[in-house]
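Please find below a colleague's note on the structure shown here.

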Amino acid sequence: MSLATGLLSRAWVRWAITAVVVVVLFVLPLQLDEYTNQNLARIGVFAVAVLGLNVVMGYTGQVSLGQIFFVGAGAYVTGYGASHDWNIVLVFVASVLVPGVIGLLVALAAARLGGLAIAMVTIALPIVGVPFAKRLSDFTGGSQGMSSAFSNAPGWTGLYNDQWQLYIVLVVGGAVFLLIRNLVRGKYGRAFAIVKDNEAVAASMGISPYRYKVLAFTVASLIGGASGFLYMAVIQFTSPETMSFGHSITLLASMVIGGAASILGSLLGGAYYVLVPQWSNDIDPNLTELLQGALLLLTLLLLPGGLATLPRVLARTLRRTRTPDPSERRQTPSAPPAPGRASVEETPTVGGIPAQSPTERQEQA
Amino acid sequence: MKRKKNVRLTGAIALISAVAVSLTGCGGRDDDSSGGARGASTGITDTTVTLGVTTPLSGATAGPGTCTVAGLKAYFGAVNAKGGVKFGDGKTRKVEIKAQDDAYDPQKAKSNYDQLKGSVFAMTSGLGTPTNRAYREAAIADKVPQVLVMTGDPIFSDTKESPEQLGFVPTYVNEGEAFGKLLAASGQDHKVAILSQNDDYGQGYVEGFKKGVEGASNISIVKELTYEATDTSVDAQITQLAGTHADVVFNAMSITPLAIASLQKAQQLNWKPSWFLPSNTSSPKAILEPGKAMAYPGVYSVSFAKAPQSPAFAGDEDVKTFLSDLKQYADYPDMPAFPHCMWSYMVGATLDQAFQKMKEPTREGFMKSLRDIKDFTAPLMLEGTSVDTTVDGQPAVSSVVVQKYNGTGYATVENFG
């Protein structure tokens, strides 16, 4: 293991691995069968949606139950733009900006309320969104929905539609993931974490909880819009049911199961959102909800931190079975990269206020 | 310590990619999965044919959704038990059904379709307009039949727009028109008040009704109001309509509690017109009894299926076979609560007809013979209705009969009044 770590710590090895991964990702769609490609693309769509939810809930700790509204809004803007032959870049920008602006306006009001009130305001979004989509039938196609085949593979590529769509997802989704990874690991990520832990401490450090909550919420809705663009590119159809409130709850469950405040967890959450209904269908189509509920409970009981913590939990179990080495234990705390709940609980506190912010602690790890 | 984190991330990504690659193995693209023109299409062999269904089996529409599978399983379960369907090419095949839950979510419906299309001969019987629309274009591109689906959306019956599709149930327009014609034929003067849901559902009914009464001088529409599907009360609209003293209310409403409330409200206002209610909001037990519908001179609705609950059909042979098939082959021991159970049973019978006629085991051959069924009375169909797939722009069943509530159930009527 130390040999592998030693190898990995060399810069050229890491670059080589990154290059290999990129090459693999670009070759893979050509090699896989149609159904796998379509499934991977779907996972990408919802991984991006879960990532957006993670920014506002996982990293900043604000309960949002309205993420699906932004996905739906992005999908509708994409569908409308594509059916009116807008330039594809313009369609993408609009599908991100329109939900973003709505999110900003909602957040400006909702973040003042704080706490559970923000959750209540966000519940209203999908509940208002569905009848809105039905009524504005000139823009949305009413309750019959709208379809758009703008993402079919252009002739010059010689690709199948599913391959082309997966490339769209890889490029857009990859860019969003990279941007958000950098966002949450930098100054803003630290500010989000402090706002999540304790708003009073944040304020005392010159970090305005209000501003960062609005920022997180707006970023989440921008990402929701991007996810909506991908939704339209992959599913090629949207209707008011896309925004139904139940899907928001499923997104939330996916985030928790994947792993809150985790980039990898967002990917796993997207996979959960897409694959689990399929698996439960394969087992017994009449028991899908029951099976999904059971799996949800099981995951949360065994892996309270989500699937992303699985390697860590395994490593800890392994370490326990080996002879404990005290020096090693001290250097690597049991839960290093978790600015989530686990680390909050473990953070040493002075009169209820964390003695160190979790991100600081993580930097030392 | 930034480097260490990067190491971990890179390691993780490398691991994922390795897993992804090893999972998928070296499977290149299998070109032409739909089979050549000479051989049989996907999903059909010399001994079996497989049908795919994506329909809501969980969530708010699970009740009707479950019925869309149960009736189909009941019909083909009985047929398989007798050996199978004798196809037009001389071979006898058993019919297998692969049903999947889409929870009325278009995204899941598309995903189910993507999964099923590699192994099924045709998609059928699924319930829901958005869920069927979600994979309509994909089915056209893949040339996979998506037939006899349960949606009143006319696009599925338009051969130009939907070459691989055919709807099964009458459109909203068909239903409204049937009542309009009956009213126009009454010969008496009628003042009609219209209340409709402000979407394609309500508009379809009103359009059909107006088509039915077109040119009839004895019918005057005195007032037309709408409500939104999200409204919690229509008391204001009913009060306004009561002011017109119309003797007929055409109520194109799909929300059960609102339908009950409007029947009650009119009685409170001592306004006693005759009512028309759409087929899905006319249930005797769920709507008319709580709405005290016997207070009115008549409550009319339309139907094309025999209702097993109705005492009039208790001894009917079709109904008896249907109920026992449902129990034996579809694991549905109760009295069907939704008409979709009967409808999907008829879908089975209609597919059976198409199978018997198709000469080649191909999807093209199937679509051709499916579009060539005329005057077929499927089991459970009411007298005066039949399956006719030859008319462009119309679903497989476009004929409905008007029925009047008699205190316990519905009975077919020839004349209004």
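1. A residue is called buried here if 20 or more other C-beta atoms lie within 10 Å of its own.

2. Is S11(B) covered on one face or on both faces? Both faces are covered: Val299(B), Ser301(B) and Ser303(B) are buried on one side, and Tyr300(B) and Val302(B) are buried on the other. This division may be read against the general rule that side chains in a regular strand alternate between the two faces of the sheet.

3. S11(B) has pairing partners in strands S10(B) and S12(B). With S10(B), residues 274-276, S11(B) pairs in the parallel sense over two bridges, and Trp275(B) stands opposite Val299(B). With S12(B), residues 401-405, the pairing is antiparallel and runs over four bridges. There, Ser301(B) has Gln403(B) as its bridge partner.

4. Among the elements of chain B, strand S4 (residues 122-124) has the highest mean pLDDT, 97, whereas helix H1 (residues 2-24) has the lowest, 54.

5. Two segments of chain B call for caution. Over residues 23-28 of chain B, pLDDT stays under 50, and the model has seven contacts for them beyond four places in sequence. Over residues 30-37 of chain B, pLDDT also stays under 50, with nine such contacts. Where pLDDT is low, the predicted coordinates should not be read in detail.

6. For the complex, the predictor gives an ipTM of 0.83 and a pTM of 0.84.

7. For chain A, an unreviewed UniProt entry lists several spans as "transmembrane region", among them residues 40-59 and 116-133. In the model, residues 40-59 of chain A are 100% helix and 0% strand, with end C-alpha atoms 26 Å apart. Residues 116-133 of chain A are likewise 100% helix and 0% strand, and their end C-alpha atoms lie 27 Å apart.

8. How is chain B divided by the domain assignment? The assignment gives domain 1 as 48-170 + 314-399 and domain 2 as 173-302. The C-alpha centres of domain 1 and domain 2 of chain B lie 31 Å apart.

How values were computed
Residues numbered from 1 in each chain as written. Chains lettered and ligands numbered in written order. Predicted model: local features only at pLDDT ≥ 70, side-chain atom pairs only at ≥ 80, totals over all residues. Buried ≥ 20, exposed ≤ 12 C-beta atoms within 10 Å, placed from the backbone. Pairing = 2+ DSSP bridges. pLDDT = per-residue confidence, 0-100. UniProt positions renumbered as here; feature names shortened; annotations may be inferred. Domains from an automatic or database assignment.
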